[in-house]
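Please open the structure in a viewer and follow the stops below in turn.

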Amino acid sequence: MVRLRKTSLVDYPGGIASVLFLPGCNLRCPWCQNRELVLQSVPEAFIPLEEALALIRKRRNLLDGVVVSGGEPSIYPALGDLIAELHGTGLPVKLDTNGMNPRVLKKICGEKNSRPDYIALDLKLAPGRYRELLPSAGPEEKTGPASFDPAAALTESAALVRASGIPHEYRSLALPGGYFGAGDVEALSPLADGGPWYFRPFSPGNCLDPAWNSLPPTGEKETAALAETAKPRLPQT
Ligand code: SF4
């Protein structure tokens with residue numbers, strides 16, 4: 001089951017796209033606005049994948065591309081087959097990912113049919129802070145399973161994206177109250193390269209952690225100021 005946004009003018013660079021949202025995620029960012037998607041809490045919001053694919057095929061001539069998003073698409077077991085099937089429509093495919101699954105990223109990028117045509121990699125916090133975002137039920141689990149190192153996963157995914165030859169971009173959210181600050185930008189800068197790095201403002205409303213809904217939205221000035229901190233090293237920010 002998936003969600004489908006039939007038409008988007010902002011999700012595929014320079015074109016009109018349909019966006020496929022795959023449910024579930026391997027992170028729990030408290031500010032996430034995809035609550036129903038991550039928790040799969042509203043089953044009636046989803047349609048069968050085949051129905052979504054049929055709609056994309058039907059609208060193929062109106063589209064410039066398809067975005068595979070989430071949740072986190074890399075936890076979907078048949079992601080490579082799905083991208084290959086979308087390529088069968090003749091449309092290019094953009095993949096949105098949080099970078100927590102470099103093994104899957106390497107596999108799909110290494111095979112002709114499943115290789116995305118564009119990748120958007122989220123840079124959420126300094127790599128050393130990603131443990132804050134792992135799913136956890138209590139204080140004991142706050143540090144996540146010892147065997148999984150999210151900082152290493154993100155670093156490996158970023159290296160894969162940089163070396164892939166696939167056009168790509170990086171995305172960050174300017175979180176309120178300096179939650180994502182210049183220190184995070186500095187720690188993330190070595191992971192980005194010549195690809196554009198976009199900063200977007202945070203808006204409360206439907207956050208995964210309801211406490212975040214009482215935080216103020218981030219202003220444009222604040223967001224731009226944060227982006228400026230990356231510019232000395234990465235002018236394309
Ligand atoms: S914002 Fe975080 S929790 Fe929400 S879908 Fe993206 S990675 Fe998952």
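Begin inside the protein, where there is 1 cavity of 30 Å³ or more. A cavity here is a set of points, on a 1 Å grid over the protein atoms alone, where a 1.4 Å probe fits but cannot get out; lining residues have an atom within 4 Å of a point. A volume is the space filled by probe spheres set on the points, which are joined across faces, edges and corners. The model is predicted: local features need pLDDT of at least 70 and side-chain atom pairs pLDDT 80 or more, while totals for chains, interfaces and linings use all residues. Residues are numbered from 1 along each chain as its sequence is written, and side-chain values use heavy atoms, with hydrogens and water left out.

The largest cavity holds about 40 Å³ of space. To display its lining, select S74, L79, L95, T97, G99, M100, N101, V104, L105, I108 and S157. Helices (H or I, at least four residues) and strands (E, at least two) are DSSP runs, numbered from the N terminus.

An open sheet of mixed pairing contains 7 strands in the order 1-2-3-4-5-6-7; two strands pair if DSSP finds at least two bridges between them. Strand 1 (3-12) and strand 7 (197-201) each have a single partner strand, so one side of each lacks a neighbour in the sheet.

Finally, select strand 5 (residues 118-122) and strand 6 (residues 168-174), which pair in the parallel sense over 4 bridges. Within strand 6, H168 is the bridge partner of I119.

Note on methods. On a 1 Å grid over the protein atoms alone, a cavity is a set of points where a 1.4 Å probe fits but cannot get out, and a pocket is an open set with protein on both sides within 12 Å along at least five of seven lines; lining residues have an atom within 4 Å of a point.
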